[in-house]
Structure formats: C-alpha cells, structure tokens
Amino acid sequence: LLYTIKFEFKMSDDALPDEMVDTFHNFHESLKFIESLLEPYLAMPLDEMYDNLSPIEQAKSELITAYTVNSLYWSFLTTQGAKLEQHPLKKEMERIQMYMRKVKLLESAMKGVRPPTGHNPPVHQTVDKYAAARFIKRGIGKEKSKETESSES
C-alpha cells in the first residue's frame with residue numbers, strides 16, 4: 001500500500017510571524033524532497049523489494065524502519081510533554097541502536113575490514129592472553145619430555 005501525506009499550508013499572512021511562515025514553507029519543501037527520494041521505494045511492493053536485497057541489507061532495512069517509527073513516536077511524545085527518561089521507548093531505541101551496531105560489525109567482518117573506531121570487537125574475537133600462555137607452556141613442556149625420552153632410548 002502506498003500512503004501519501006498531502007500537506008498544504010494555507011493561512012493568511014498576518015496570522016503567523018514571517019519567520020514561522022518561512023519555517024513552515026521550508027518544512028513543506030523538505031517533505032516534498034524526502035517524498036521524491038522515497039518514491040521509487042514506495043512504488044515497489046515490499047516483498048519484491050526484499051527479493052532484490054541481501055540478508056544484511058534486509059536487516060538494515062528492518063532496523064531503519066523500526067528506528068524511524070520509534071523516532072517519530074518519540075517526537076510525538078515529546079510534543080505532548082511526556083517525560084521520556086524512564087519511558088520504555090527509550091530502552092527500545094537503545095535496543096535497536098545495539099542491533100544497528102551489530103549489523104555494522106558483521107558488515108565490517110564480511111568485508112574483512114576492521115570495525116569502525118569506538119566499537120568493541122565481538123567477544124569471539126578476543127584472546128585470553130593468560131590462557132594462551134598456559135597452553136604454550138604446557139605444550140613446550142610436553143615437547144621437552146618427548147625429546148628426553150627419545151634421547152634416552
């Protein structure tokens with residue numbers, strides 16, 4: 001389904017200050033620009049669009065959609081004067097951001113590139129230095145005992 005928002009601003013010039021009228025007109029122009037950018041995507045059925053995307057692009061698309069909807073709801077709540085510090089929406093936004101970071105890390109790993117600065121490497125890529133030292137020390141000890149056994153024979 002294609003949803004189109006029609007926004008027309010008709011008001012007498014003396015009802016609002018000139019700065020506000022200019023702001024509303026700029027906002028309207030921005031909306032028209034965004035609508036023109038989204039037009040190719042909105043014209044295509046979602047299933048068909050997903051068939052053309054890789055799994056990582058599908059995940060990014062889902063995350064962007066979720067983040068956008070939640071951001072719009074956040075903006076709505078803000079305009080209503082809601083206190084958002086303890087609102088469950090804040091946790092949801094943080095959860096979506098966490099998954100966005102995970103997708104970026106996965107994308108970096110798939111390209112063979114180091115993750116962007118400020119990101120912690122995934123847990124499976126860290127090395128426990130002390131455990132590695134113990135393995136090496138025990139391995140070297142076994143090699144020495146095999147050498148002494150073979151030289152005694």
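**Salt bridges**

I found that glutamate 92 forms a salt bridge with arginine 95, their closest N and O atoms being 2.8 Å apart; a salt bridge here is a side-chain nitrogen of Lys or Arg within 4 Å of a carboxyl oxygen of Asp or Glu. I noted that this is a predicted model, in which local features need pLDDT of at least 70 and side-chain atom pairs count only at pLDDT 80 or more, while totals for chains, interfaces and linings use all residues. Residues are numbered from 1 along each chain as its sequence is written, and side-chain values use heavy atoms, with hydrogens and water left out.

Because glutamate 92 and arginine 95 are three residues apart in helix 4, about one helical turn separates them; helices (H or I, at least four residues) and strands (E, at least two) are DSSP runs, numbered from the N terminus. Glutamate 92 counts as partly exposed at 26% relative accessibility, and arginine 95 is also partly exposed, at 41%; buried means under 20% relative accessible area, exposed over 50%, and partly exposed in between, with a 1.4 Å probe and protein chains only.

How many salt bridges does this rule give? The count comes to three. In helix 1, glutamate 29 and lysine 32 are three residues apart, so about one helical turn lies between them, and they form a salt bridge with their closest N and O atoms 3.5 Å apart.

I then looked up lysine 60, which forms a salt bridge with glutamate 107, with 3.1 Å between the closest N and O atoms. Since lysine 60 lies in helix 3 and glutamate 107 in helix 4, this pair ties together parts that are 47 residues apart in sequence.

**Helix 3 and helix 4**

I next checked how these helices are arranged. The axes of helix 3 (residues 55-79) and helix 4 (residues 88-111) come within 10 Å and cross at roughly 155°, where axes are lines fitted to C-alpha atoms, for helices over the stretch in contact, and angles run from 0 to 180 degrees between N-to-C directions. The two helices are therefore roughly antiparallel to each other, a term for angles over 145 degrees, whereas those under 35 count as roughly parallel, 65 to 115 as roughly perpendicular and the rest as oblique.

**Tyrosine 41**

Last, I looked up tyrosine 41, which lies in helix 1 (residues 18-43). Is tyrosine 41 buried or exposed? I recorded tyrosine 41 as exposed, because its relative accessibility is 54%.
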